[in-house]
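Open the model in your viewer and keep the sequence panel beside it. The stops below say what to select and what is there.

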Amino acid sequence: MQHQKILILDFGSQVTQLIARRVREAHVFCEVHPCDVTDEWVREYAADGQLKGIILSGSHASVYEETTDKAPQAVFDLGIPVLGICYGMQAMAHQLGGKVEGGHKREFGFAAVRARGHTKLLEGIQDFATPEGHGMLDVWMSHGDKVTELPPGFKLMASTESCPIAGMADESRGFYAVQFHPEVTHTKQGAALLERFVLGICETRPDWIMGDYISEAVAKIREQVGDEEVILGLSGGVDSSVAAALIHRAIGDQLTCVFVDHGLLRLNEGDMVMDMFEGKLHAKVIRVDASELFLSKLAGVSEPEAKRKIIGGLFVDVFKAEAAKLKAGNASSKGATFLAQGTIYPDVIESGGAKSKKAVTIKSHHNVGGLPEQLGLKLLEPLRELFKDEVRELGVALGLPPEMVYRHPFPGPGLGVRILGEVKKEYADLLRRADAIFIEELRNFRDDATGKTWYDLTSQAFTVFLPVKSVGVMGDGRTYDYVVALRAVQTSDFMTADWAELPYALLKKVSGRIINEVRGINRVTYDVSSKPPATIEWE
Ligand code: XMP
């Protein structure tokens, strides 16, 4: 099935991906590509007739850093609507004959913008009206340069006191531009404005719906794989789980999942993964219990990076050994020719702007990078086009339990990074039990104001094992036992995070239960450090 699409050209802004997410939330397919693609590339991209509009993003550049990136001229010659955002507006103004001036004081933060000229983009979209009846929008601004003269054919669409041309439009050509950022949630009507652009102005069909996407993805996988066989490294995390469920839906027993248990998983996690995939979905899963191998190689090692290297290296070795067995085939199978990975769209987007930056922003999948080449297998990446929230929606549509799909992230090296210093089985066992209590109580406690559980109100929460002992009393006796730290954060991107203000009653219950139920731990602390300067994990 062919989807109509919107092209987002990235000038390197930190929030370009948010534009794509807002467009997808309007159920329209879109892709992000660097701004320095060529004219020929743009024409080729539009050649199938499915391209209905183009959005030019903001830029990474600040007032201190000059950017002269331009949009490919073809963008303005295709005869389809174009929306410029922030730097994208300035590029549009500059390239179409207007004037942009630099050297202004950077404007950063909330602003009230007055809508002007009754354009289709802003028609009926407003936060409030002034006593004189002017429609106003509460928006987020972040720019240094600004447009000071409209290009020929354009009219004024929005203004603020400090930015008289905060929006412009040439409706005859379908060109619109705003100086503020509609993609961030601070701009209250931002989602409505982007939806108006893609549905109202570009007139795209809103057909990007995860429930419907299953049959399309299944057909694609069947076509790509044919009657060959696929192996997949199942970690229990969201991406590999959803990829496994989707591929299994498509090709059933042609898929074999390999689940490496490194002994650093959460309480009962291995059994839960097996119960779901083997028990409920009836998928072929090979569970490799490699905990003794991992723990023996980790003995005596306390430096965090050294621990990570050992865990990562062993994981690859164990997976490769299993994959080689499967690749070779046996009486009941011809051998695998595909390696499936749960790579998602943010892992593959190339960001725009400075050419040198592009290479560093392309991430390889952290667990199995380089494996397909080493194993001589072809790659199958059915989630490559999806954002994390779409992967979750797809997972639920495929019948995976919401508790699994909406689980907090868990690092690949597992408890290896949550046990400070040397990793020992005794420590991992204590930590697993303490952590399970913390998570259970986060799921039990609800916030009165929102009705949500504290598990859902936090982005990531876990327990950290500290290899120090302190004195305590229990009954009539003295104890000399280990300390754990509870960590709970709220964040939208995991780049910055605030420590969560958990209710005291919850902390009290968790601490009481851990100390009473987990013999060997006699002290519980709560981490009140934000990121930065602290990180989310302790290591
Ligand atoms: P930090 O501790 O750097 O963590 O603030 C940011 C986020 O990344 C997760 N994390 C990892 N995830 N493999 C992963 O899949 C890893 O090696 C890894 N290390 C950290 C961390 O849990 C947090 O969500």
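**Stop 1: the ligand**

Select Gly-412 and the ligand: a backbone N or O atom of Gly-412 lies 3.1 Å from a nitrogen atom of the ligand, a polar contact (a pair of N or O atoms within 3.5 Å; within protein, one must be able to donate a hydrogen and the other to accept it, and residues adjacent in sequence count only if both atoms are side-chain atoms). This is a predicted model, in which local features need pLDDT of at least 70 and side-chain atom pairs count only at pLDDT 80 or more, while totals for chains, interfaces and linings use all residues. Residues are numbered from 1 along each chain as its sequence is written, and side-chain values use heavy atoms, with hydrogens and water left out.

In total, 11 residues surround the ligand, counted when one of their heavy atoms lies within 4 Å of it. The closest are Arg-308, Gln-460, Lys-531, Ile-536 and Glu-537.

**Stop 2: two cis bonds**

Stay at Lys-531 and show the backbone. A cis peptide bond joins Lys-531 to Pro-532, with omega about -15°. Another cis peptide bond, with omega about 5°, joins Pro-532 and Pro-533. Pro-532 is in the segment after strand E21 (521–526); helices (H or I, at least four residues) and strands (E, at least two) are DSSP runs, numbered from the N terminus.

**Stop 3: H16 and H18**

Select residues 425–444, helix H16, and residues 504–517, helix H18. Their axes come within 9 Å and cross at roughly 150°; axes are lines fitted to C-alpha atoms, for helices over the stretch in contact, and angles run from 0 to 180 degrees between N-to-C directions. H16 and H18 are therefore roughly antiparallel (an angle over 145 degrees). Among the residues that meet are Ile-437 and Phe-438 in H16 and Val-510 and Ile-514 in H18, contact being heavy atoms within 4.5 Å.

**Stop 4: H6 and H14**

Move to helix H6 (residues 210–225) and helix H14 (residues 388–397), which pack at about 80° with their axes 9 Å apart. That makes H6 roughly perpendicular to H14 (65 to 115 degrees). Met-210, Gly-211, Tyr-213 and Ile-214 in H6 meet Glu-390, Glu-393, Leu-394 and Ala-397 in H14.

How values were computed
Angles under 35 degrees count as roughly parallel, over 145 as roughly antiparallel, 65 to 115 as roughly perpendicular and the rest as oblique.
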